[in-house]
Amino acid sequence: MTTGVPSSPVIITKAKGTRLYDANNGQILDFTSGQLSSLLDHSHPKIVEVVKKYVEELDHLLSNMITQPVIDLTERLARFLPGSLEKSFFLNTGSETTEAAIKMAKCYTGRFEIVAFSASYHGLTQGSGSTTYSAGRKNGGPSMPGQLAFPAPYAYRSFFKKPDGAYDWESELEIGWSLIDRQSVGSLAAFIMEPILSTGGILEPPLGYLARMSVECKKRGMLLIMEEAQTGVGRTGQMFAFERDGIVPDILVLSKTLGSGLPLASGSTTAEIERGCREAGFLWLTTHLNDPLTAAVGNKVLEIVERDNLCQRAAERGQQLRSGLLRLQQKYWCIGDVRGRGLLQGIEIISDAASKTPGAELGQAVSDRAMAGGLSCNVVNLPGMGGVFRLAPPVTVSVEEIEEGLQILDEAFGYVLG
Ligand code: PMP
C-alpha cells in the first residue's frame, strides 16, 4: 500500500553509530537521526543490551500491571522535570501521545477548542493531525471541530518589524491572540506547541515568546501542552527546550528521542490535572501502554544522556555545526537563513537573494547531491518557505563527523550552483 512517502533510492542494510550502510557497502552519514529520533548512536551497545535482556525476561503485559522499568522511568523522568510534572504514562508514538494529551486537556477543562501554530506538526492521526498544519491537511475529510491556528513565529519572513528591523514578535503575538479570541466560541481547552517548530521549518520562537504564551494561556484558563518529540531529551543543549524560557507547561509530551529511535513516548502532567482527568472519565488504555521493554530502553537513554553529559555535548557540537553552516552561508548566496538550537539546525534556501524568493527546487537539488555524496539530510517545503534543510545528527556525533558532513554539503552546494 502506498503511504504517500517516496522511497529512498538505496536499500539500507545496517545502521551503526552515525552511519548507515547500503547493500553495496556504500556509507551514508546520518544527519537526520533516522526520523529525527535516534538521539544516540544507531545500535548503541547499551541499548542493544537492554533490548536483549527485556525481550528475554519481561516484554509486554496486561497494561495495568506494574513493572519496575515503568516505576524507574517515571521517577527518572520526574528528576529531570519541573517538580509539578510528576505524573507520567508511556505509549509508543508521537501521534498517539499528542492525541492523548489533547483528550486530557478536553477532559480536564471540559472545553473543546485546541490552538496550534500555523506551521505545527503533532502527528497524523485524526485528532493529532487536526493540530498539524505543516502536512497532510488536504485529504481525509475535515479536521476535528474547534481547531484554531495561531501565526507561527517565523522571524525571517515576518512582516512584523520594529523600526530597527528586528522581529516584532510582541505585535505579531498580540494580533495572533486577538484572532483566536475572535474565532473562539469560548471553549479554549489548550494550546499545543513545539518549542522549536521542526517540520514547520526550524522556527525558533525568540526568548520571551514562550513565557508570554504561557501567561496568555493561563489568562484564558487553557492548558499549555509542550510537545518535544524532536527537541526533548537533550538535543537542543538542555534536557527540554522549554527550560530555556523558564516556563512550566501543564502537559509535556515526549516521543522520538526518548526511545532513541525505538517506539517510546511519554505524557507527563501535574497531580491536579491527572486527578481532574480521572474524575472526568479520561481513558487511555491502548495495547502498549506502559510496556516494560520500551520503558527499560527509555531508562537507559536517560541514564546515558546524564552520564555522558550529552546536553552539553549537543550544545558544543551544535555550535560547531552552526559555525560551519554560517561559513557556508558566506560562501553560497542561496542560503538565506541559518537557525536552530543545539543539534537541531536549519538552513533556508532561496532562489533570489534580494527578494528572498523560496528556493524549494534548489534545496532539493542540493539535498539530492548531498545524498549522492554520502550525507542523509532532510528538506522540508512549506508554502512560502524556501526548502529548509533540517540538520540533526545523533548527539553522540563526533567533531570529525560534523566536519565531514559540512564538507559534503559544501561540495553539494558548489556542484549545484556550478
Ligand atoms: N510531533 C512532532 C513534533 C513530530 O515531529 C512528530 C513526527 N514527525 C510527531 C509529533 C508524530 O510522531 P509519530 O510519527 O511518532 O506519530
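Reader: How many helices and strands does the chain have?

Author: This is a predicted model. Its chain has 12 helices and 16 strands.

Reader: Why is T287 called exposed?

Author: Count its neighbours. T287 has 9 other C-beta atoms within 10 Å. The cut-off for exposed is 12 or fewer, so T287 is exposed. T287 lies in the loop between α8 (271-279) and α9 (292-307). T287 and T270 are 17 residues apart in sequence, and their C-alpha atoms are 24 Å apart in space.

Reader: Which residues of α8 are buried, and how do you know that they line one face?

Author: The buried residues are I273, E274 and C277. Seen down the axis of α8, the buried residues fall within an arc of 100 degrees, so they line one face of the helix. An α-helix has 3.6 residues a turn, so residues three or four places apart point the same way.

Reader: What does the other face of α8 carry, and what do its buried residues pack against?

Author: The face turned away from the buried side carries the exposed residues A271, E272, R275, R278 and E279. The buried residues of α8 pack against β4 (87-91), α4, β9 (251-254) and β10 (265-269). After α8 comes G281, with a positive phi near 85 degrees.

Reader: What is the strand order in the open sheet of four strands, and which strands stand at the edges?

Author: The order is β1-β2-β3-β14, with mixed pairing. β1 (12-16) and β14 (375-376) each have a single partner strand, so one side of each is left without a neighbour in the sheet. That puts both at the edges.

Reader: How do you know that β3 and β14 pair?

Author: Pairing needs at least two bridges. Strand β3 (residues 27-30) and β14 share two bridges, in the parallel sense. L29 has L375 in β14 as its bridge partner.

Reader: What surrounds the ligand?

Author: 14 residues surround the ligand, and the closest are T93, G94, S95, G123 and A229. Helix α4 (residues 94-109) gives the largest share of this shell, three residues. By kind, the shell has two nonpolar, 10 polar and two charged residues.

Notes. Residues numbered from 1 in each chain as written. Predicted model: local features only at pLDDT ≥ 70, side-chain atom pairs only at ≥ 80, totals over all residues. Near = placed C-beta within 6 Å. Nonpolar A, V, L, I, M, F, W, Y, C, P; charged D, E, K, R; others polar. Buried ≥ 20, exposed ≤ 12 C-beta atoms within 10 Å, placed from the backbone. Arc of directions from axis to C-beta. Contact = placed C-beta atoms within 7 Å.
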